[in-house]
Amino acid sequence: MLIRNHHVDFGSPLLPEDAEILSIPAAAEVERMLSRRDDHRETPLHSLPALAAELGVGALFVKDEGHRLGLGSFKALGGSYAVIRLVLEAARKRTGRNVDVDDLAHPDIRAVAREMTFGCATDGNHGRSVAMGAQLVGAKSVIFVHQGVSRKRIEAIAQYGAEIVRVEGTYDDSVEFAAKVCGERGWTVVSDTSWPGYEHIPGLVMQGYTALLCEALREMVAPPTHVFVQAGVGGIAAATAGHLALRYGKDRPRFVVVEPARAACLLETAKAGHPVKVAHGEPTVMAMLECYEPSLVAWRILSRVACAFMTVDEEDAVSIMNRLARPTGADPAIVAGESGGVGLAGLVTVAGDANMRATLGLDASSRILVINTEGATDPERYEELVGLPASAVAGTLSVERV
Ligand SMILES: Cc1ncc(COP(=O)(O)O)c(C=O)c1O
């Protein structure tokens with residue numbers, strides 16, 4: 001299903017506070033902070049000419065976040081960045097000095113960090129990022145996981161020294177519980193979703209994501225005409241769409257939000273014209289996108305700048321993982337986890353439907369950008385769905401690059 005954005009705010013500028021979060025100078029500052037990290041490398045931007053030709057578009061680019069900061073997903077950019085920024089904010093307040101990222105190793109700044117505990121709920125990737133950020137600065141982290149989070153994903157979080165708290169129910173239940181417990185204990189909640197009265201920290205998380213877009217746009221000879229990004233609570237979609245709107249104004253690319261049909265909270269919100277919580281149905285294979293309520297800030301941005309909202313089915317997500325693992329022609333092999341290729345699955349759906357193509361103005365001159373938001377963050381699940389270990393697919397990739 002695809003619906004156009006008919007919201008009354010569609011086409012109006014971002015609110016000043018949202019424009020500030022996603023501005024070009026803010027994104028440049030994220031990149032500056034990232035450049036100070038030993039583990040930072042820009043992630044690859046792959047061109048897929050064979051798939052582009054098959055889909056009847058001019059060019060297709062995949063920004064591959066499976067390689068981000070050793071975490072395997074774009075989420076590495078958000079939670080860990082927010083934790084660092086929050087420690088710097090606390091240290092500035094405590095010392096009265098203008099503390100910068102280069103000062104994080106100073107004993108008095110480490111002492112500030114040591115007293116801080118960061119908590120969050122997660123489907124897997126965000127919690128890993130918060131735990132990594134906390135470990136990096138010498139703070140504590142407590143990560144709340146719901147029943148659907150796999151053992152492998154929990155182990156990957158615990159590896160960064162996080163205390164794990166298991167919560168009955170869904171992702172949304174874990175968000176609520178994390179906020180309650182952190183509030184009671186005086187811990188800082190670093191959530192990737194926002195709600196009334198809680199916007200600053202999710203804004204920082206979204207700001208962290210903008211770095212990937214800066215990298216991708218620098219590498220592209222011409223800006224994209226269309227961008228398809230998958231959504232859970234909408235943070236990555238809003239960060240991308242909002243930054244593009246600020247950078248290109250009325251010449252911005254057409255932006256499409258893609259969700260699992262089983263957890264389409266943004267599409268339902270767009271239909272209703274205001275944030276709605278959708279009913280829980282069967283779990284989706286797109287585990288990281290299984291969110292039933294949109295982020296308030298994300299919706300505020302997307303209602304202004306997203307052209308359309310669409311859903312894909314379970315088999316579309318699995319099919320795109322397999323297609324990326326076994327490419328044709330000159331296309332490189334790409335390891336995409338269950339939620340990684342969903343934006344691209346949206347493009348494949350649109351490309352095969354004459355009405356949707358016309359709605360979005362997709363044709364042989366279109367240049368598409370999508371984000372592979374994760375690699376095989378759950379390697380066992382990846383092998384089950386693709387029939388190959390991720391290492392075998394990644395092996396193809398390194399051969400192709402040589
Ligand atoms: C791999 C992956 N892709 C996409 C998303 C969706 O991001 P958001 O919740 O900001 O919409 C997530 C969220 O955890 C994710 O882990």
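1. A search of the whole structure finds 29 salt bridges, a salt bridge being a side-chain nitrogen of Lys or Arg within 4 Å of a carboxyl oxygen of Asp or Glu. The model is predicted: local features need pLDDT of at least 70, side-chain atom pairs count only at pLDDT 80 or more, and totals for chains, interfaces and linings use all residues. Residues are numbered from 1 along each chain as its sequence is written, and side-chain values use heavy atoms, with hydrogens and water left out.

2. One of these pairs is Arg 32 with Asp 100, whose side chains meet at 2.7 Å, N to O. Helices (H or I, at least four residues) and strands (E, at least two) are DSSP runs, numbered from the N terminus. Arg 32 is partly exposed at 25% relative accessibility, and Asp 100 is likewise partly exposed, at 22%. Here buried means under 20% relative accessible area, exposed over 50%, and partly exposed in between (1.4 Å probe, protein chains only).

3. Asp 192 and Lys 75 form a salt bridge whose closest N and O atoms are 2.9 Å apart. Asp 192 is in the loop between β7 (188-189) and α9, whereas Lys 75 is in helix α4, so the pair joins parts 117 residues apart in sequence. Both Asp 192 and Lys 75 are buried.

4. Glu 374 forms a salt bridge with Arg 153, with the closest N and O atoms 4.0 Å apart. Glu 374 sits in the loop between β11 (367-372) and α16 (379-386) and Arg 153 in helix α7 (residues 151-158), 221 residues apart. Glu 374 and Arg 153 are both buried. Elsewhere, Lys 63, Glu 65, Arg 68 and Glu 215 are linked in a network of salt bridges.

5. How is the protein chain divided into domains? It comprises domain 1 (2-74 + 202-394) and domain 2 (79-191), with bounds from an automatic or database domain assignment. The C-alpha centres of domain 1 and domain 2 lie 25 Å apart. The area buried between domain 1 and domain 2 is about 2500 Å², of which carbon and sulfur atoms give 56%; buried area is the accessible area (1.4 Å probe) that two parts lose on being put together, summed over both. Met 33, Leu 71 and Leu 204 supply 27% of the area that domain 1 buries against domain 2, more than any other three residues.

6. Across the interface of domain 1 and domain 2 the rule finds six salt bridges. On the side of domain 1 that touches domain 2, α2 (24-35) and α9 (200-219) each supply at least two residues. Helix α9 gives the most to that side, with five residues.

7. The largest nonpolar core has 98 residues, and Phe 118, Phe 144, Val 190, Phe 255, Val 257, Leu 302 and Phe 309 touch the most other members. Such a core is a set of buried Ala, Val, Leu, Ile, Met, Phe, Trp, Tyr and Cys residues joined through side-chain atoms within 4.5 Å. At least three residues of this core come from each of domain 1 and domain 2. Apart from it lies another core, of 42 residues, among them Val 258, Met 310, Val 342 and Leu 362.
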